[in-house]
Amino acid sequence: MRYSTHLLVLAASISTVVAQTWCGKNYMANQTVVPPGGQFPLPSKSNDPLLVFRCAPVFRPYLQEDAKNAAFVVDTRIVYDLINGASPISLPNNTGSSSHAVGNVAVTIEVGGLRTTHDVPLNATGYEVPLDISGLTAQQTPYNVSCSALYSPSSLNPQSYSTNATLLYLPNSKNSVTKTDLRTGSLWARPANNTGGPFQPFVPQGFYISFNPYLVQNLSYIDQLKAEGFNTIHPVPPYNDTAVFEQVLNKSVELGLYIIFDMRSYYENLTAVAELVNTYKSLPNLLTWETAHEPDGNSDPFNAAKQAYDLIYQLDGYHPVGIVLNCEDYNFTPYVEGADIVLEDTYPIGINATYSLVWHTPCTPDFGHCGCDDCRGGLIDIQARIQTYKDRLDILGYDRTKTVWTTPQAVGDGAYWTTIPTGAQWAAIGLISFNHGATGSMSYQFPTTSGNSTTIEGTASILTNIITEYVQPYLVRPKVTQTIYSYEGIDASVWYDGSSYLVIVANVNGTETIVPWASIGLGKVTNATAQVHAHFSVGQPFNSTGFDSTPSGVGIYTVTL
């Protein structure tokens, strides 16, 4: 593959100005405390039931080859929070506590002159409604979709609801295509080595790695990532040596690694964005675009990410767009409007959460920069940040159309951090993120600690393949159920696929804790030797009573009952 030399010109325009605030906060000794504002408004509670009616295509985009098997995913949830789209609903008096007693709603979906009506259970999540869209013309412009619901229990007057969606229906392409499964948030792609093959769902696992100095000087880092089981690489710009960048692209294809193209340095320049998209959208292993990197921290213009996002979809549409947010709570809403994938980069290991080691000033909710915004300095910050971002997307009505990825910390020992995470801590960051809904993991940054199994790379060479074999199937399948548990500072999640359970358990409280099986919904475990299989376990032995989770405890298990 050969590409133009315009990157050299673009790289020269990169700004190196340091932001005078971070997450809207002053942080220097000569600055005063000024509340940053920009906090996310939480929804009000309702004493009466509310219907949240949402619909979306199962995949974004659909291709012509998918048309006859297209479908929409419909949610008819009953809630008691005034989140986006929540409307009052009157329920029959005899519904009791059973979600099955409330009946069905007649859901009608209309797009481009096509129409279908199906009965959908009330209080359902992820109900699929098939709709053959082969009668539509595949085009770059999304179709507007109208969804309506009629609830007509015999004892009450009919109640009507409506919502809108968009359908991206594109021509078939021989170039790379990344589909997002809006049932799960997972990505589907063909093999990255350009050899052809069917679309398959997977969990992106990879690393950020600086193009300069690392890749410019040593392309073998790409081989190393592949050998350690990663499937995705994210070169960090500037890509200021086009010849070497072309070698990076070719080598990543050869090794079968997906690539994330990073436009952080250019995304506010729409002319540059257009040139980059048109140049690189045909990469055979292009997975996603990434535009804004920590725009909330830098207080970038609110509309910049959205403008870049809209332009990318006008020019491409075959690949989703991601951004990285750094702040705990600073103008979340306007920034996420410019993304399909919202990455968080919370780095809590080794920080002083109350006093900045760089700026020698205190850190409070209204002032300071300690390297991890509003953090406590431990794994609990990962749990809180991922879950908070997921909850906010749901409140905004984006629970189907936007997903969250994690950026596990693989740096430290300098600046804001006094230490680099251990291998077990790095593993826990990623696994806790999966517990709370992350669908991808891109660590920052490579190379990192290496050697025995206590280091990050030593752990990665074991963990990545275990995630692919045992965790990924539960994350990408839409019929799997998940329950999250918090027990005395232990973070746990249990998935069930109808025959077996996936269990991820991590200690976030830093003290040894006994975790009974019943506390995570698995009270029927009576013979741990026969029923429980540990695929990855550090500091977390178990028996027929439960886990003994030490301060560093983390593990992946499958259970049969």
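Me: Which residues are buried in α9?
Reply: This is a predicted model, where local features need pLDDT of at least 70, side-chain atom pairs count only at pLDDT 80 or more, and totals for chains, interfaces and linings use all residues. Residues are numbered from 1 along each chain as its sequence is written, and side-chain values use heavy atoms, with hydrogens and water left out. Buried means under 20% relative accessible area, exposed over 50%, partly exposed in between (1.4 Å probe, protein chains only). In α9 the buried residues are Asp-381, Ile-382, Gln-383, Arg-385, Ile-386, Tyr-389, Arg-392, Leu-393, Asp-394 and Ile-395.

Me: How far does α9 reach from its first C-alpha to its last?
Reply: Helices (H or I, at least four residues) and strands (E, at least two) are DSSP runs, numbered from the N terminus. α9 has 17 residues. The expected span is 1.5 Å times one less than the number of residues, which gives 24 Å for α9. Its reach is close to that, at 24 Å.

Me: Which residue follows α9, and what is its phi?
Reply: The residue after α9 is Gly-397. Its phi is positive, near 90 degrees.

Me: Is His-360 buried or exposed?
Reply: His-360 sits in the loop between β20 and α9. Its phi is positive, about 55 degrees, although it is not a glycine. Its relative accessible area is 52%, so His-360 is exposed.

Me: Is Glu-294 buried or exposed?
Reply: Glu-294 lies in the loop between β18 (286–293) and α6 (295–298). Glu-294 also has a positive phi, near 55 degrees, in a residue other than glycine. Its relative accessibility is 15%, so Glu-294 counts as buried.

Me: Which backbone oxygen does the side chain of Thr-76 reach?
Reply: Thr-76 is in strand β4 (residues 71–81). Thr-76 is buried, with a relative accessible area of 0%. Contact means heavy atoms within 4.5 Å; not counting residues up to four places away in sequence, Thr-76 touches residues including Val-120, Pro-121 and Leu-122. At 2.7 Å, its side chain reaches the backbone oxygen of Pro-121.

Me: How far apart in space are Ile-514 and Phe-547?
Reply: Ile-514 lies in strand β26 (residues 513–516). Leaving aside neighbours within four places in sequence, Ile-514 is in contact with Tyr-487, Phe-547 and Asp-548. Ile-514 and Phe-547 are 33 residues apart in sequence, yet C-alpha to C-alpha they are 5.7 Å apart.

Me: What is omega for the peptide bond from Pro-237 to Pro-238?
Reply: Pro-238 is in the loop between β16 (232–236) and α4 (242–255). The bond from Pro-237 is cis, with omega near 10 degrees.

Conventions: Polar contact = N/O pair within 3.5 Å; in protein donor to acceptor, adjacent residues only side chain to side chain.
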